[in-house]
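The topics are grouped for reference beside the sequence and the model.

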Amino acid sequence: SAGVWGHGARQQLNRSLIAGRAEFTSSLVGMDLTIPITKFLTFKGEAWKGRGLSDVRGSVGQSINPVNGLVIGAAGGWAELSFKPNPHYIVSGGATLDNPYGSDLSAANGRVRNHVNYMTNRFLVGHGLSFGFDYGYWRTRYKGLPTGTNNRFNLFVQQAF
C-alpha cells in the first residue's frame, strides 16, 4: 500500500510578537509505503517535508526561530523492517531521521538533526491486549554544542478497542 498525506495549520501568538510577527503557518506533505516482502517479513517507510512542525513532532520540536521570526523547515522520515514469525509476536528494527534546515535556525544551540535507530518487540496476547519492550539509540546534533546521545528503553502494556 502507498499513501500521500498533508497537514496545514495557522499558529497565532496571544501575548507577544516574534520579530514583529504574531501569526505563523505550518504545512507538511508526506508519503508512506508498506510492502509485504514475504508472509513473515514487511517493510514500512515514510518520508515528509514541511515547515513549522513542532505541533506534529517535526523539526526536532522547533517551529519558529525566536531571533528572526522565520518558520523553521525540515525534512525526514523513517524505515522499518518487521518480522512476525507467529500470530503472537512481532519484532521490528528501523531508523528515523528529522532534519531541520540549518539556515532557518539561530546561530547557537539549535537542534539541526535527530536520528534514531530502534528495535521493538510486541507480544500480542489477544482481544486487543499486547505488551512489549522497545529500545532506541538517539543522536541529536546541535549548532554550537556537542552531539547528544540517549539510550531509551520502553516497557508498555496496550489495550486496543
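Predicted model: local features only at pLDDT ≥ 70, side-chain atom pairs only at ≥ 80, totals over all residues.

A charge is taken to sit over a ring if NZ of Lys or CZ of Arg is within 6 Å of the ring centre and within 35 degrees of the ring normal. Arg 152 lies in this way over the face of Trp 138, at 3.9 Å from the ring centre.

**Sheet**

- Eight strands make up an open sheet with antiparallel pairing, in the order β1-β2-β3-β4-β5-β6-β7-β8.
- At the edges of the sheet stand β1 (2-12) and β8 (148-159), each of which pairs on one side only.
- On average, neighbouring strands of this sheet are turned by 15 degrees against each other, direction ignored.
- Strand β5 (residues 89-100) runs antiparallel to strand β6 (residues 111-126), and 10 bridges join the two.
- Within this pairing, Gly 93 stands opposite Met 119 in β6.
- Between β6 and strand β7 (residues 129-142), which are also antiparallel, there are 14 bridges.

**Aromatic pairs**

- The structure holds five aromatic pairs.
- In one of them, the ring centres of Tyr 89 and Phe 123 are 4.9 Å apart and the planes lie at 40 degrees, so the pair is classed as tilted.
- Because Tyr 89 belongs to strand β5 and Phe 123 to strand β6, this pair ties together parts that are 34 residues apart in sequence.
- Tyr 89 and Phe 123 are also bridge partners.
- Tyr 89, Phe 123 and Phe 131 form one aromatic cluster.
- Phe 123 is partly exposed, with a relative accessible area of 33%.

**Salt bridges**

- Side chains of opposite charge can pair when their charged atoms come close.
- There are three salt bridges in the structure.
- Glu 23 and Arg 10 meet through their side chains at 3.9 Å, N to O. Glu 23 lies in strand β2 (residues 23-36) and Arg 10 in strand β1, so the pair links parts that are 13 residues apart in sequence.
- Of these two partners, Glu 23 is partly exposed at 40% relative accessible area, whereas Arg 10 is exposed at 56%.
- Arg 51 forms a salt bridge with Asp 104, with the closest N and O atoms 3.0 Å apart. As Arg 51 lies in strand β3 and Asp 104 in the loop between β5 and β6, the pair ties together parts that are 53 residues apart in sequence.
- Arg 51 is partly exposed at 32% relative accessibility, while Asp 104 is buried at 8%.
- Arg 122 and Asp 134 meet in a salt bridge at 2.6 Å, N to O. The pair connects strand β6 with strand β7, and so joins parts that are 12 residues apart in sequence.
- Arg 122 counts as partly exposed at 26% relative accessibility, and Asp 134 as buried at 13%.

**Ser 59**

- Ser 59 is found in the loop between β3 (41-51) and β4 (73-86).
- The relative accessible area of Ser 59 is 0%, so the residue is buried.
- Neighbours within four places in sequence aside, the contacts of Ser 59 include Trp 48, Leu 53, Asp 98 and Pro 100.
- The C-alpha atoms of Ser 59 and Asn 114 are separated by 8.7 Å, although the two residues are 55 residues apart along the chain.

Definitions and conventions: Residues numbered from 1 in each chain as written. Heavy atoms only, no water. Helix = DSSP H or I, 4+ residues; strand = E, 2+ residues; numbered from the N terminus. Buried < 20%, exposed > 50% of the residue type's maximum accessible area, 1.4 Å probe, protein only. Contact = heavy atoms within 4.5 Å. Pairing = 2+ DSSP bridges. Axes fitted to C-alpha atoms, helices over the stretch in contact; angles between N-to-C directions. Phe/Tyr/Trp six-rings, centres within 6.5 Å; stacked < 30°, edge-to-face > 60°. Salt bridge = Lys/Arg side-chain N within 4 Å of Asp/Glu carboxyl O.
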